[in-house]
Each structure stands twice: as structure tokens, then as C-alpha cells.
Amino acid sequence: MAKRLVPVAIRLLVSVNLLYAAIFLKFAAVPGSVALFEQMSQAAHGLVSQPVFRLGSGVFETVVALLLLIPKTARLGAGLTVVWMTPVILSHIFVLGYGPFFVDALMVMLLAVIYLSLTRRHFHWSERESVGRV
């Protein structure tokens, strides 16, 4: 039973985290969030304005959170979380600095990777080799 609850708990934790960040920080235009995205906009030489950057990431995180909540699309959501958190972590390392949002991004990515490893399909090499043979 615990084997089934752990992946569900991870999906819920990551989903709630992404939804919190999107709804209460990005969509609500919290000053700290606006400042972070202003820094990112400046680092991109103003090619993407702060509101577009902030709201676009909020929309993406909301979609990914919803994918995580649906069992059939949860692995896709977890994979997109890993892909999304990679530039988030890199932006903290090279532009924004280390802080609570950096630690949060690391934890979200780690949980998504754990979820993917717990739910991976077991695949044996002997089965793979026999598929291609006639």
C-alpha cells in the first residue's frame, strides 16, 4: 500500500508547489516575484518583458500541475517538471542567486525525478532484443 501512496504523495506535493508558485506568486504579482522576473528580463536584455515572462511561466506551471494531478498524464507532467526546473535552477545559479526559491526548485526537480524513477516501466534487455528479430 505504501508503494502506491508514495508516488501519489509526490505528485500532490509537486502539483501544490507549482500551483502555489503560479497562483499566489506569479499571477498575483507579488513584489518579490515581480523583482525576480525583472532581473530575468534584464538578463535577457529586455527581449522578454517581465509580465510576459512571469505570467507565461505561471501558465506553464499551472498546466504542468494539472497534468500531474491526472494519473494518465502524471509521467508527462513529471517529465515536463524536470525539463522546466533545469533552466529555473540554472537561472538561479547564474542570475538570481541562491535563496529559498532556489532550494524550492531543487526540491521540486528532485521529487519529479524520484516520481519518474518510481513509476518507470521495467524493461528487460532480452525482451528488447527479441522484438527486432525475425
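Modeller: I shall take helix 4, in which Ala74, Gly77, Ala78, Thr81, Val82, Met85, Val88, Ile89, Ser91, His92 and Leu96 are buried. Buried here means under 20% relative accessible area, exposed means over 50%, and partly exposed lies in between, with a 1.4 Å probe and protein chains only. Helices are DSSP runs of H or I of at least four residues, strands are runs of E of at least two, and both are numbered from the N terminus. The model is a predicted one, in which local features need pLDDT of at least 70 and side-chain atom pairs count only at pLDDT 80 or more, while totals for chains, interfaces and linings use all residues. Residues are numbered from 1 along each chain as its sequence is written, and side-chain values use heavy atoms, with hydrogens and water left out.

The buried residues of helix 4 pack against helix 1, helix 2 (31-43), helix 3 and helix 5. Contact means heavy atoms within 4.5 Å. Just after helix 4 comes Gly97, which takes a positive phi of about 90 degrees.

The largest nonpolar core has 15 residues, and those touching the most other members are Val14, Leu18, Leu68 and Met85. Helix 1 (2-27), helix 3 (50-69), helix 4 (74-96) and helix 5 (100-118) each contribute at least two residues to this core. Helix 4 gives the largest share, five residues. By a nonpolar core is meant a set of buried Ala, Val, Leu, Ile, Met, Phe, Trp, Tyr and Cys residues joined through side-chain atoms within 4.5 Å. In soluble globular proteins, nonpolar side chains tend to be buried together.

Leaving aside residues up to four places away in sequence, Met85 touches Leu18, Ala105, Val108 and Met109.

Ala105 and Val108 lead on to helix 5, where they are buried together with Phe102, Ala112 and Tyr115. These residues lie on the same side of helix 5, because they cover an arc of only 155 degrees around the axis; the arc is that of the directions from the helix axis to the C-beta atoms. What covers the buried residues of helix 5 includes helix 4 and helix 1.

Helix 1, one of the elements against which helix 4 packs, also holds Lys26. The structure has one salt bridge, that is, a side-chain nitrogen of Lys or Arg within 4 Å of a carboxyl oxygen of Asp or Glu. Lys26 forms this bridge with Glu61, their closest N and O atoms being 2.8 Å apart. The pair joins distant parts of the chain, with Lys26 in helix 1 and Glu61 in helix 3, 35 residues apart. Both partners are buried: Lys26 has a relative accessible area of 9%, and Glu61 one of 5%. Contacts of Lys26, not counting residues up to four places away in sequence, include Ser33, Phe37, Arg54 and Leu55.

As for the whole chain, its secondary structure comes to six helices and zero strands. Of its 134 residues, 31% count as buried. Among contacts between residues at least 6 apart in sequence, 64% join residues at least 24 apart. The C-alpha trace spans about 60 × 35 × 25 Å along its principal axes. The radius of gyration of the chain is 18 Å, whereas a compact globule of 134 residues would have one near 14 Å. That radius is taken over C-alpha atoms, and the globule rule is 2.2 Å times the number of residues to the power 0.38.
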